[in-house]
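Here is a friendly walk through one protein model, written for someone meeting it for the first time. Take a look at the sequence and the structure before reading on.

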Amino acid sequence: MAVNLVNVENVSKVYGTRALLDGIFLGVSEGDRIGVVGRNGDGKTTLIRMLAKLEDADTGRVTHSGGLRLGVLTQHDSLDPEATVRHEVIGDMADHEWAGNSKVRDVLTGLFGGLDLPGFPKGLDTVIGPLSGGERRRIALAKLLIEEQDLIVLDEPTNHLDVEGISWLARHLRERRSALVCVTHDRWFLDQVCTRMWDVQRGDVYEYEGGYSDYVFARAERERIAATEEVKRQNLVRKELAWLRRGAPARTSKPRFRVEAANELIKDVPPPRDSSELMKFASTRLGKTVFDLEDVTVQAGPKVLLRHVTWQLGPGDRIGLVGVNGAGKTSLLRALAQAARSQGEVQPAGGGIRVGKTVKLAYLSQEVAELDPTWRVLQAVQAVRERVDLGKGREMTAGQLCETFGFNKDKQWTPVGDLSGGERRRLQLLRLLMDEPNVLFLDEPTNDLDIETLTQLEDVLDGWPGSMIVISHDRFFLERTTDRVFALLGDSTLRMLPRGIDEYLERRKRMEEAAAATATAAAAPAAAPAGAAQGSAPERSAADQRAAKKELQKIERRLDKISEKETGLHAAIAENATDFAKVAELDAELRELSGERDELESRWLELAEDA
């Protein structure tokens, strides 16, 4: 029987006149992996702070088992600014001692990319004071994970981690024996790590068995039976359940909830978006040209980030952009944005960017734009536009769109200066969409947004007709809102990844292994044979590389057309389900397209290496 580690008995917490938590009973036992979700401001952080005894309850009590070894990651670290990374993370361990410890090596490599902490000016001997908030947070997480605990409490552990770091952290936590309580908005991470969920809502905490996918199903079922939630929210939950049930690109196994019940709940829910219809509508708004890049080089100061990039963003394209930190993702968006705003007059360091004449760009950067703090929320939105056309005959007023993004009628009259960071982010997104752009650049749009707001944003983007590029470390959001993934792998190239994030992680792992092998070979005092260089493969010429890139573009356009045809064929098979001859004919055509897709993807991978 599992030992009980923490008991929360009849706990309440009031701020001002609002009861954040009201008479809560909870427990954490050995082996528990608990994810905590809920809207911003509903008390998630307060709950785990009381759980860890960092904050006192107004009523009730929290008890820990005797000798409990507790590790806590809060949103604000307590690192000594005058200490070095070595002092905070490694402590008094000698070099041979920590270097021989597999856990220490795994944590340093997983969170920092290597034992010598590449990216830190003096490696382990870097002083903490001048470091950024993200770097300090990784140091605090490393310090926590190197130690042994019975229970780990984490508040937003994936903040400031890239896709690789999040993937490593999920694996590391799955392999640890410690119990876990984790607040995060990263739904992929919750599905990978957690086996129970706590949903904090209006003073209560609802418990669910299973990970995030199980939670979505159980919550949708509970709301359907109880019929206590508004129809809009119920439909959003069912829509997300439908996407999860029908198979997210990065999931290798089906969710654990009951398949029959899930299928019954979503039988009348259409796919998240009609890609073919949106593509047609986007073409009428944008024409044939959106952004054409020819032999483009992008620099940040003297550093060359991208070299000889030939690429095209077409009407209706929904692109996810991933890559190592510092590879040039944001710099690429800025180069495109500068070209769009200057109508092609401002060009990058090399090559040229051609911008469509009808392009109307909205760019959500990582920095939250400052607004007049005395404005009311509704006033800030109406200053852009009173009504917005969302396509396919859908129109919303400023007030209706505010409600979609979680600003109820009372909240719409709140001064901007009184909003939280997440609320300001929501308001920034709102103002962008109110301006009716036909091209969207979203750079880390999920920062500071809770899961409910993320599902609302995804719902709005599902019906939004235009071209879109999304940079995000939130794997779930990226897969949910985009159709293709491109990667900047740190080698000055831009590559399409047919298999998405999984392929990106595989490629990065191979690159790291190759780099390690090269370093090992360089350290070994062996003389190379005299004729070795002559036998090596010759470098491809610039002309060959350009030809390969153009063929890549043709393949990518053909793959898009195949996807559209496959969507149409699936719909036709559903319509003619009782006509077996017709279904057989359509199925044969579908198999033929699938074979062509496999050949094209294989050819694409060959060309990607040459380009």
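## About the model

This is a predicted model, in which local features need pLDDT of at least 70 and side-chain atom pairs count only at pLDDT 80 or more, while totals for chains, interfaces and linings use all residues. Residues are numbered from 1 along each chain as its sequence is written, and side-chain values use heavy atoms, with hydrogens and water left out.

## Helix 1

Let us begin with helix 1. Helices (H or I, at least four residues) and strands (E, at least two) are DSSP runs, numbered from the N terminus. A residue is called buried under 20% relative accessible area, exposed over 50%, and partly exposed in between (1.4 Å probe, protein chains only).

Helix 1 covers residues 44-51, and because six of its eight residues are buried, the rest of the structure largely encloses it. The buried residues are Lys44, Thr46, Leu47, Ile48, Met50 and Leu51. Just after this helix, Lys53 takes a positive phi of about 60 degrees.

## Salt bridges

Side chains of opposite charge can pair when their charged atoms come close. A salt bridge here is a side-chain nitrogen of Lys or Arg within 4 Å of a carboxyl oxygen of Asp or Glu. How many salt bridges does this rule give? The count comes to 32. One of them joins the side chains of Lys13 and Glu55, at 3.7 Å from N to O. Lys13 belongs to strand 1 (residues 4-15) and Glu55 to the loop between helix 1 and strand 4 (59-64), so this bridge ties together parts that are 42 residues apart in sequence. Lys13 and Glu55 are both buried.

Another bridge brings together Asp125 and Arg86, at 3.0 Å from N to O. This pair links distant parts of the chain, with Asp125 in the loop between helix 4 (102-112) and helix 5 (133-146) and Arg86 in helix 2 (residues 85-90), 39 residues apart. Asp125 is partly exposed, at 40% relative accessible area, and Arg86 is partly exposed at 24%. Glu596 and Arg558 also meet in a salt bridge, at 2.8 Å from N to O. Since Glu596 lies in helix 21 (residues 580-610) and Arg558 in helix 20, the pair ties together parts that are 38 residues apart in sequence. Glu596 is partly exposed with a relative accessible area of 27%, and Arg558 is partly exposed with 24%. Salt bridges that share partners also join Lys13, Arg49, Glu55 and Asp58 into one network.

## Aromatic pairs

Next come the rings. Rings of Phe, Tyr and Trp (its six-membered ring) pair if their centres lie within 6.5 Å; planes under 30 degrees apart count as stacked, over 60 as edge-to-face and the rest as tilted. How many aromatic pairs does a search of the whole structure find? The search finds seven. In one of them, the rings of Tyr212 and Tyr215 have centres 5.6 Å apart and planes at 50 degrees, so the pair is tilted. These two residues sit three apart in helix 8 (residues 212-226), which separates them by about one helical turn. Tyr212 is buried at 1% relative accessibility, and Tyr215 is buried at 4%.

Phe291 and Phe441 form a tilted pair too, 5.8 Å from centre to centre with 35 degrees between the planes. This pair links distant parts of the chain: Phe291 is in strand 10 (residues 291-300) and Phe441 in strand 17 (residues 439-443), 150 residues apart. Both of these Phe residues are buried. Ile469, in strand 18 (residues 467-471), is 28 residues from Phe441 in sequence and 5.0 Å from it in space, C-alpha to C-alpha. Ile469 is buried, at 1% relative accessibility. Elsewhere, ring pairs link Tyr208, Tyr212, Tyr215 and Phe476 into a cluster.

## Surface patches

Finally, the surface. Patches are made of residues with over 30% relative accessible area and no salt bridge, with like charges joined within 9 Å and nonpolar side chains (Val, Leu, Ile, Met, Phe, Trp, Tyr) within 5 Å. Accessible areas come from the Shrake-Rupley method with a 1.4 Å probe, and for residues only the protein chains shown count as cover. Lys and Arg count as positive and Asp and Glu as negative, while His and the chain ends are not counted. The place of a charge is NZ of Lys, CZ of Arg, CG of Asp or CD of Glu.

Arg546, Lys550, Lys554, Arg557, Lys561 and Lys565 form a positive patch. Lys550 lies in helix 20 (residues 542-575) and is partly exposed at 43% relative accessibility. A nonpolar patch is formed by Leu54, Leu70 and Val72, with about 200 Å² of accessible area together. Val72 is part of strand 5 (residues 70-73) and is partly exposed at 32% relative accessibility.
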